[in-house]
Amino acid sequence: MNPGVVKSLSMPNSSVAVETTRERELGHDEFDPIGTLALIALYFLVLVVMWLFTYFVEFVGNGPTVVGVV
Amino acid sequence: MRIHTYEKLWLVGALVLIVGFIATVTYGSVGLGISMIDDSGGTLSPNAVDDDGRFAEPRVEQVGENEYEAYVVASQFIFQPDPIEVPANSTVTFYVTSADVIHGFSVVGTNVNTMAIPGEVARLTVEFDEPAEYGLICHEYCGAGHHTMEGQLIVLPEDEYEPGGNA
Ligand SMILES: [Cu+2]
């Protein structure tokens with residue numbers, strides 16, 4: 001193989017980037033991972049729907065059920 | 001401490017979920033009367049199930065106007081009595097025990113199931129509103145014939161039910 005290629009692989013660009021100066025600074029509230037938020041909101045919704053389904057449809061709707069005095 | 005808006009959202013969401021879970025289970029317990037099977041059925045000598053008045057003769061017994069008690073013995077590889085017959089619109093309390101090894105008592109397609117443990121009596125109360133025929137299976141591995149261990153639970157229309165009709 002070309003020795004030049006091996007050399008560039010062992011020294012990735014990131015190690016170079018660390019030494020360069022910051023391009024822009026991000027404030028606390030400027031950090032805005034809207035994509036992550038949307039994904040987690042979706043997961044959350046799936047979780048809520050699954051909970052309601054397993055409890056109210058699959059469990060409660062699947063009577064008779066063991067009952068008793070609380 | 002400054003908390004990011006999204007983090008606040010997450011905290012609130014997670015809290016709502018926990019409160020929601022607890023609220024649902026509380027509603028099931030208080031609102032719907034769903035109960036867990038515990039050790040309130042008591043114990044008996046596992047070697048002398050036949051000497052116990054309740055289990056010497058496995059049966060269904062009427063104890064109130066619409067209240068029945070079913071004494072069920074599971075053993076390798078049958079349930080007694082079989083079939084278990086109860087009328088519709090009744091409240092049945094099952095007392096289930098085992099004469100040999102651990103068995104399961106599962107009314108197929110419903111939420112009614114328990115373990116049948118030698119020396120222990122599982123006590124479970126169930127309301128049957130509609131006539132139906134349920135399969136009854138053992139769902140705890142109990143030996144070579146486990147896969148054949150089954151019975152029947154028949155909820156008869158009220159006018160067809162004969163008390164003491166169980167063999
Ligand atoms: Cu079994």
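Predicted model: local features only at pLDDT ≥ 70, side-chain atom pairs only at ≥ 80, totals over all residues.
How many helices and strands are there in chain B?

## The fold of chain B

Let's start with that count: chain B holds 1 helix and 10 strands.

For the overall dimensions, the C-alpha trace of chain B spans about 70 × 40 × 30 Å along its principal axes. Its radius of gyration is 21 Å, whereas a compact globule of 167 residues would come out near 15 Å.

## Where the two chains meet

Now to the interface. On one side, 24 residues of chain A take part, and they are in contact with 33 residues of chain B. The area buried between the two chains is about 2500 Å², and carbon and sulfur atoms give 67% of that area. Three residues deserve a look here: A:Pro64, A:Val66 and A:Val67 supply 28% of the area that chain A buries against chain B, more than any other three residues.

What about polar interactions? Salt bridges between chain A and chain B number 0. Polar contacts do occur, with 10 residue pairs found across the interface, both partners at pLDDT 80 or more.

Which elements of chain A give two or more residues to the side that touches chain B? They are α3 (34-59) and β1 (66-67). Of the elements of chain A, α3(A) gives the most to this side, with 10 residues. Sorted by class, the side of chain A that touches chain B has 17 nonpolar, 5 polar and 2 charged residues.

## Backbone geometry worth a look

Most peptide bonds are trans, and most residues other than glycine have a negative phi. Here are some exceptions to inspect in this model.

In chain A, a cis peptide bond joins A:Gly63 and A:Pro64, with omega about 0 degrees.

Chain B has a cis peptide bond from B:Gln80 to B:Pro81, where omega is near -5 degrees. B:Pro81 lies in the loop between β3 (78-80) and β4 (84-87) of chain B. In the loop between β4 and β5 (90-98) of chain B you will find B:Asn89. The phi of B:Asn89 is near 55 degrees, a positive value in a residue other than glycine.

Notes: Residues numbered from 1 in each chain as written. Chains lettered and ligands numbered in written order. Heavy atoms only, no water. Contact = heavy atoms within 4.5 Å. Buried area = accessible area lost by both parts, 1.4 Å probe. Salt bridge = Lys/Arg side-chain N within 4 Å of Asp/Glu carboxyl O. Polar contact = N/O pair within 3.5 Å; in protein donor to acceptor, adjacent residues only side chain to side chain. Helix = DSSP H or I, 4+ residues; strand = E, 2+ residues; numbered from the N terminus. Nonpolar A, V, L, I, M, F, W, Y, C, P; charged D, E, K, R; others polar. Rg over C-alpha atoms; globule rule 2.2 N^0.38 Å.
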